Amino acid sequence: MSDLSKPQTGMTLPQPFFTSPEMYNSEREKLFFRHWFCVGRASELTQPGSFILADVAGEQVICTLDDEGRLRGFYNNCRHRGTRLVTESSGEFSSCKIQCPYHRWTYSCRGDLVTAPRADEDPEFRVEEWPLQTVNIASWQGFLLVNLSEQPRPLVDVFSSFINRLDPWQTDSLLPVHTEVYELTTNWKLVLENFNECYHCSSIHPGLAQLSPPRSATNDFSDGLLLGGPMELAKESMTMTGRRCCDAIDTLSAEDCRRTYYYTLFPNLLLAMHPDFVLAWRLHPIAPDRTRIICQWLFPPDRIQLPEFDASGAIEFWEMTNRQDWDICQENFDGIRSRGYQSGPYMANEVVLKMLDQRILQALEIEPTPPR
Amino acid sequence: MSDLSKPQTGMTLPQPFFTSPEMYNSEREKLFFRHWFCVGRASELTQPGSFILADVAGEQVICTLDDEGRLRGFYNNCRHRGTRLVTESSGEFSSCKIQCPYHRWTYSCRGDLVTAPRADEDPEFRVEEWPLQTVNIASWQGFLLVNLSEQPRPLVDVFSSFINRLDPWQTDSLLPVHTEVYELTTNWKLVLENFNECYHCSSIHPGLAQLSPPRSATNDFSDGLLLGGPMELAKESMTMTGRRCCDAIDTLSAEDCRRTYYYTLFPNLLLAMHPDFVLAWRLHPIAPDRTRIICQWLFPPDRIQLPEFDASGAIEFWEMTNRQDWDICQENFDGIRSRGYQSGPYMANEVVLKMLDQRILQALEIEPTPPR
Amino acid sequence: MSDLSKPQTGMTLPQPFFTSPEMYNSEREKLFFRHWFCVGRASELTQPGSFILADVAGEQVICTLDDEGRLRGFYNNCRHRGTRLVTESSGEFSSCKIQCPYHRWTYSCRGDLVTAPRADEDPEFRVEEWPLQTVNIASWQGFLLVNLSEQPRPLVDVFSSFINRLDPWQTDSLLPVHTEVYELTTNWKLVLENFNECYHCSSIHPGLAQLSPPRSATNDFSDGLLLGGPMELAKESMTMTGRRCCDAIDTLSAEDCRRTYYYTLFPNLLLAMHPDFVLAWRLHPIAPDRTRIICQWLFPPDRIQLPEFDASGAIEFWEMTNRQDWDICQENFDGIRSRGYQSGPYMANEVVLKMLDQRILQALEIEPTPPR
């Protein structure tokens, strides 16, 4: 067989991109740790000392609010002997102090080492030399994002071309009504590919295809970090009955109310903007062959409070649709990891997949060969 | 310690041959993918469109009959994005069409891509450029064999020296009465070694030794791909009682009726030819330390139909004997993977094991050092 | 980040020392296989032919008494084809003969091959060429120790500086009253570190800290293979009530009766010498991230026989304390295997940890860089 490891423009990526531990490690270092990576919603941090423990491709990051309410991100390691500071997925730091359970080194929520017991016995020890290691953190449209590179480009710069795109949905203020966590035996890129084409909708999602014609999919963002575009709605929204769970979001245009917009915020946030709610999927790569997906159904707070509010139609519809996708993403991966896999041709309607591969190859500093 | 990795003629193979992932990968490429590898019985494919999904050291192969009833083998991968075409272990393709579940690319049972939805949107796309990838397939004595090399020597050529050896048992027409699947924590070669000597029969198989004297084992094939020979029967057959399950196969000579013949068809088919039935074991290597064994009890169709036919004595006897062997093969492997293992001396009555090692080293293109 | 893989004097070891399979393999070869490694108590071997099957970082060693009652150690491999000779964790060899289950090669408890069936068929075969492979074995203070290097320095030489240190506790004659086996997801060195400082006692062991003031810890052995020293007792002993389980050992001084002595016998035996009993932990490394710990409560035989003897207060206290330690050792490891870990500073009261790291680096033939 010919050299299967070299990516070709317009063709699916070669097998090692999906299966090789070395490639996955390169993705961690060059892609996940250098991009703004979504780890949750800002609304999870309610007051100074609130924290969540985030996972960025296997690295744990403490996301917290300091005593002045500013976002802070830290590696989850004591500077003394490396022990985990936090083991709960979320909580409150008492008095905004982060204390290591092993030897009680104690840090402020700004990251400074405040006290280390028996430090007085060691004349050369200086608390100011051992602050927590910081991780860059920011919020956008109510999403928390972290960046593990030491000096990342500010989020406002790299997001500038689309930074207000989601304003009409008041995304900043939406609250989760339901959360599902899925564990998949597949490579994260196959979930990304699956999300970014509706070529599979007729065969995999007969229910979805009735609510929104697969061939209506177009793209209004196809370069940069935000990719995707609208599909027309045949009914009111994407739910079991096709009816909305509540009135459409007030600030949407009449056109936006007849559509669902599907966007990928590269590399790990997927969004489906409905007239009445926003669905957000976070991809958490665990290994070349394992991906965790956290899916949240986000609704306007004033709608949630209405007595007649009922999100079950949206939850049930997307739960079903999610599982249809995850099943085929796993079959796709199982095929790709076999010797019988060779790169295949992207079809005309899979243009966003070509864009995504470009984004991935750029991050990995790999040059594809030109098309045949 | 001296260099333990270099094989010596007349001595058991060094540890890495049994434990190293690199060695196992070399075996996949040079040995399992370049030899005719047994994957089942031809009788499993009953009509055009029937298929079985075969495993060749981790690679999935679809074995099917096309619309003209000819054997066909294909890698289980769609040419579009690599997805598994088939996930069931066997079944029927409707109208002899193989359809990918992801985007409905549809192939004929001859392997041609017949339709790809929305291909009309892409003027450069040609269905004739994307047929399924074929795998060579053939049958011999009712066994299905596949060969993953691109241009293998035809089975009739490489099997010529023994191609009719099993004719007296009418092996072509025998049918399975019982099938057992065993999962072993051992290297596949240790099962091969175990099968090819009866030095262990006295200690491991007290039951077998009573039916067939261990020292009666001789070899009538000791080079080429078929190895082994007869053992004398002290009773009628190898069953719990020593009595046959049914009359002997009609075409056997009187001498053949007093013997069991044990043959290895290198690399993965083991056979025990009894007067009244044939036992066939297929070895399926899964990893250096994991081997699946599929054992089938094959009888003549006319005997099976008799009201008094009862295979239980043969099934029970070999089930017991199998488990005795698998246990010791696992203890053998557990020893070999430890630092205390060094190559040991094959005894005079283990001559076929030396032949097998030669066959393996030839396939791997490794030259042994001469005897001490 | 700077080069994190180079150890610095006075700082915790870099991540690869705890996580890398290559480093672990180097530890096996250069550290565990070249030191005297504790595998049990001599009292487990009661008569000629008694054996235990010991594990030395993944290697199985048969420890037995020969026909003259002398200690013998052998790799658990038949010299014929490498099979395990023994699969039980302990037992008795019938007539002091070790027989391989596969082909009945039979060895004496001195390791000589006595008989190999059908050896007469092979004129060149000599039983005297195939003895079991020996492992050095010795006992000290009632503990069995093995050394897998081919020509180790005798135990009496390398232990000379402390060989009688435990005599006052009559350690030779103590018997186990209770044994616990723990399986930890941590590197063995983190257990060693945890044992060798009481900096963590206030936070992790509030119960222990009440019985024995953490700041009373001093060291009377800090180089060589025995490291550690006493802590003062605030009560009679380390038990749930603080009362002894029985009278103090007769031969102890009044001073020894007011203390607990904590010693590490490098690399894998940890001891806590109480007035009334000795607690012994054996560390068994399984993998970089897995450690088995076997903990035994040892008491004088004459005390055990007394009707009022009750060890439960000691068992319960140390069971609780063990689990507190194992939990934090696992959190420590979980932190160290993340990217956020960097070497941190040992504090003044963690001086034995610096000594241990020196011992480890010496064994691995790695030179640390000088302190900053």
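In the interface between chains B and A, 22 residues of chain B contact 19 residues of chain A. Contact here requires C-beta atoms, placed from the backbone, to lie within 7 Å. The side of chain B that touches chain A holds 5 nonpolar, 9 polar and 8 charged residues. In this classification, Ala, Val, Leu, Ile, Met, Phe, Trp, Tyr, Cys and Pro are nonpolar, Asp, Glu, Lys and Arg are charged, and the others, Gly among them, are polar.

The model is predicted: local features need pLDDT of at least 70, side-chain atom pairs count only at pLDDT 80 or more, and totals for chains, interfaces and linings use all residues. Residues are numbered from 1 along each chain as its sequence is written, while chains are lettered from A and ligands numbered from 1 in the order in which they are written.

Chain B also meets chain C. That contact takes 19 residues from chain B and 22 residues from chain C. Helix α8 (residues 312-336) of chain B supplies the largest share of the side of chain B that touches chain C, with 6 residues. Helices (H or I, at least four residues) and strands (E, at least two) are DSSP runs, numbered from the N terminus. By class, the side of chain B that touches chain C comprises 7 nonpolar, 9 polar and 3 charged residues.

The chains were then superposed. Chain B is superposed on chain A by a rotation of 120° with 0.0 Å of shift along its axis, at an RMSD of 0.1 Å. For that axis, the nearest C-alpha in chain B is again that of P21(B), 8.6 Å away.

Helix packing was examined within chain A. Helix α2 (residues 21-32) of chain A packs against helix α9 (residues 351-364) of chain A at an angle of about 95°, with the axes 8 Å apart. α2(A) is therefore roughly perpendicular to α9(A). Axes are lines fitted to C-alpha atoms, for helices over the stretch in contact, and angles run from 0 to 180 degrees between N-to-C directions. Angles under 35 degrees count as roughly parallel, over 145 as roughly antiparallel, 65 to 115 as roughly perpendicular and the rest as oblique. From α2(A), S26(A), E27(A), K30(A) and L31(A) meet I360(A), A363(A) and L364(A) of α9(A). The residues of this contact are 4 nonpolar, 1 polar and 2 charged.

The largest nonpolar core has 321 residues, of which V146(A), V146(B) and V146(C) touch the most other members. Such a core is a set of buried Ala, Val, Leu, Ile, Met, Phe, Trp, Tyr and Cys residues joined through C-beta atoms within 7 Å. Beyond four places in sequence, V146(C) touches F37(C), V39(C), A54(C), V56(C), V61(C), C63(C), G73(C), V135(C), N136(C) and I137(C).

F93(C) lies in the loop between β5 (90-92) and β6 (97-99) of chain C. F93(C) is buried, with 21 other C-beta atoms within 10 Å. The cut-offs are 20 or more for buried, 12 or fewer for exposed, and partly exposed in between, with C-beta atoms placed from the backbone. Not counting residues up to four places away in sequence, F93(C) touches G49(C), F51(C), T64(C), I98(C) and C109(C).

Note on methods:
Two residues are in contact if their C-beta atoms, placed from the backbone, lie within 7 Å. Copies are superposed by least squares on the C-alpha atoms of residues with pLDDT of at least 70 in both.
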